[in-house]
Number of protein chains: 2
Amino acid sequence: MNAQQEYKEVLMRGIREKDNIEAALRELTKKPIDSVFFVGCGGSLAVMYPLQYLMNLHTTILAVPYNASEFLNMKPKALTERSLVILSSYTGTTKETVAAAEMARAKGARTIAFAGKADTPLGKAVDYVFANDAPSGVTDSKLIMLYQIVFCLLDKLGFGVDYELLQKELSLLPEGLARIRELAKPEAREFAEKNHDQTFFMVTGSGINWGEAYSYAMCILQEMQWIPAQSVHAGEFFHGAFEILQEDTNLLIFQGEDETRPLTERVVAFAEQYTRRAHLIDTKNYPLDGIAPDRRGIYGPFILLAVLNSYSDALAERRNHPLKTRRYMGKVPY
Amino acid sequence: MNAQQEYKEVLMRGIREKDNIEAALRELTKKPIDSVFFVGCGGSLAVMYPLQYLMNLHTTILAVPYNASEFLNMKPKALTERSLVILSSYTGTTKETVAAAEMARAKGARTIAFAGKADTPLGKAVDYVFANDAPSGVTDSKLIMLYQIVFCLLDKLGFGVDYELLQKELSLLPEGLARIRELAKPEAREFAEKNHDQTFFMVTGSGINWGEAYSYAMCILQEMQWIPAQSVHAGEFFHGAFEILQEDTNLLIFQGEDETRPLTERVVAFAEQYTRRAHLIDTKNYPLDGIAPDRRGIYGPFILLAVLNSYSDALAERRNHPLKTRRYMGKVPY
């Protein structure tokens, strides 16, 4: 299998969890649910931000993302036996996420986890675990499962989302995203060439794509490339951060097709006047066959993941700094 | 009046709103409330983060902070005639915040605003407005009013908080915070001397104090001093951001006495080993007469505001860059 086929296969694995997800949700929704917590750390937390967005858009249920340590220590009052807690850790060993799962279960909450392997401390600490270990595409695949879970949940709770349409659309993603990843390679190489020696980036986004801006700054640029980088929500940009913008300031703008597109459009218009180093990634520029224009906004995080996957590879290669290099993570005690 | 007396007077004004706040809440709680939204931009949004923390700690009510543009465009489903929306804008003219207030009222929500002046577009767009215009201490004073509102609300909704004790404690703050601001001046000058030429800061905090870390990075260091700066939640630090830490990386740690203190303690322990330029501001080191040790955590944001007020003044003076200098804000269209 080449990298392209492997990527599609990893995504397909997410889609093939449909029956398991539905069986889990059937059990989990037998008792009422009035709060949903998304719990994790760093990239494993940020991947769940789009789900909070979708829940706040479609439901009146309390849906809150929490860093696992914060969740564990502050113990939100709404965490009860009427809560569903969805946790995520790639290794399945992140100690604060495991402890958060145990705390949530002790409070009587129902729990689902995503981990690289089921046979890990996190996998053992929850009611249901979905495991997916692969060299790449793990986040994208996890996101497919998370979308299925949340739409299935909203469907069961009567919030009038079209779960069947979602399933049909998700089934188109492996082909569509693999194509986007390929399409993005030339622009990714160009980006890497232009930016390989840069020492600071601002990354902005909004709405369903905010989590991608957050995690690209922290988990790719900082963690995997050791470049100081700062994410700023596009709606917040004009209320502080923009004052440091000069003609040589790097600004990455992730623009989606969701309800909040006007927020990044405003940043783009400003950036065009004041910096030569703004770089826009607009999901609108990438094809997703079979998905209607008014439904594309939902899939913004997937498009960005596929595009940025190529960007990260190109940047790492051009900078001769492999994405797996670490100073501290997994190397020193903390 | 000297600056010290002026500061106390501004804080007192917040406390003297007690009767008005209670009258407003009596009206506003005549119908059920099952969601509270905190809406603003930048510093005016971040000042409300502690209230979300307190609500999540004490209630099962949905309580969510929103950037005004995000709120306006995505229109959360839970925004209904059973919602209370608390908005804030120092000028009272921030266009997205005014539009958000109008949108919320059109949905039947009840609205409260904080603005420098009542006779502003925001003041006119809401049910109740609390105005406070002053050369300094405005944020601290607003926070006093916000605490009164939220505790009064929780008391009325039966969430078992001690509103009377809060009132007693708030009445001690003008004296206590003015003293802290004075006490912090020598260390502030030392900080300014050591950091006046620095070009990048990470700022971290957690729990009830996270908003202060967020706004110090964005609204003071970036907006008012034009220094690239990044806030990172202490629980997130070890999941990405810490990889850029080297012995000369500036890291400001805001440590409180709330439930999440272990999160910043972990950062402090790590920073002691890997950077010479970590700077800890621990609320524990500042006296607040009359407030019991187990109640001090609640007032962390006030202590930090008072301390950082002196830091910002010292930094601006040492860098010869007045806090009111702007490149874009209020100067160019955007």
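Guide: Happy to, and the criteria come first: two strands pair if DSSP finds at least two bridges between them. Strands themselves are DSSP runs of E with at least two residues, while helices are runs of H or I with at least four, both numbered from the N terminus. Please keep in mind that this is a predicted model, in which local features need pLDDT of at least 70 and side-chain atom pairs count only at pLDDT 80 or more, whereas totals for chains, interfaces and linings use all residues; side-chain values use heavy atoms, with hydrogens and water left out. Residues are numbered from 1 along each chain as its sequence is written, and chains are lettered from A and ligands numbered from 1 in the order in which they are written.

Buried here means under 20% relative accessible area, exposed means over 50%, and partly exposed lies in between (1.4 Å probe, protein chains only).

Now step back to A:I61, in the loop between helix 4 (49-58) and strand 2 of chain A. A:I61 counts as buried because its relative accessible area is 8%. Although 26 residues separate A:I61 from A:S35 in sequence, their C-alpha atoms are 5.8 Å apart. With contact taken as heavy atoms within 4.5 Å, and leaving out residues up to four places away in sequence, A:I61 touches A:I33, A:D34, A:S35, A:V36, A:M55, A:L157, A:F159 and, from the other chain, B:L62.

That last contact leads us to the interface. In total, 63 residues of chain B are in contact with 63 residues of chain A. The two chains bury about 5,400 Å² between them, 57% of it on carbon and sulfur atoms; this is the accessible area (1.4 Å probe) that two parts lose on being put together, summed over both. A salt bridge requires a side-chain nitrogen of Lys or Arg within 4 Å of a carboxyl oxygen of Asp or Glu, and the rule finds 2 of them across this interface. B:R266 and A:E96 form a salt bridge with an N to O distance of 3.1 Å.

The whole structure holds 36 salt bridges over all chains. One of them joins A:R16 to A:E9 at 2.6 Å, N to O. Both ends are partly exposed, A:R16 at 48% and A:E9 at 27%. Another links A:R276 and A:E247, whose closest N and O atoms are 3.9 Å apart. These two lie 29 residues apart, with A:R276 in the loop between helix 12 (261-274) and strand 9 (278-282) of chain A and A:E247 in the loop between strand 7 (229-233) and strand 8 (250-255) of chain A. At 53%, A:R276 counts as exposed. In chain A there is also a salt-bridge network made of A:R261, A:E265 and A:D282.

Strand 6 of chain B runs parallel to strand 7 (residues 229-233) of chain B over 5 bridges, with B:M202 opposite B:Q230. Strand 6 also joins strand 8 (residues 250-255) of chain B through 4 bridges, again in parallel, and there B:V203 faces B:L252.
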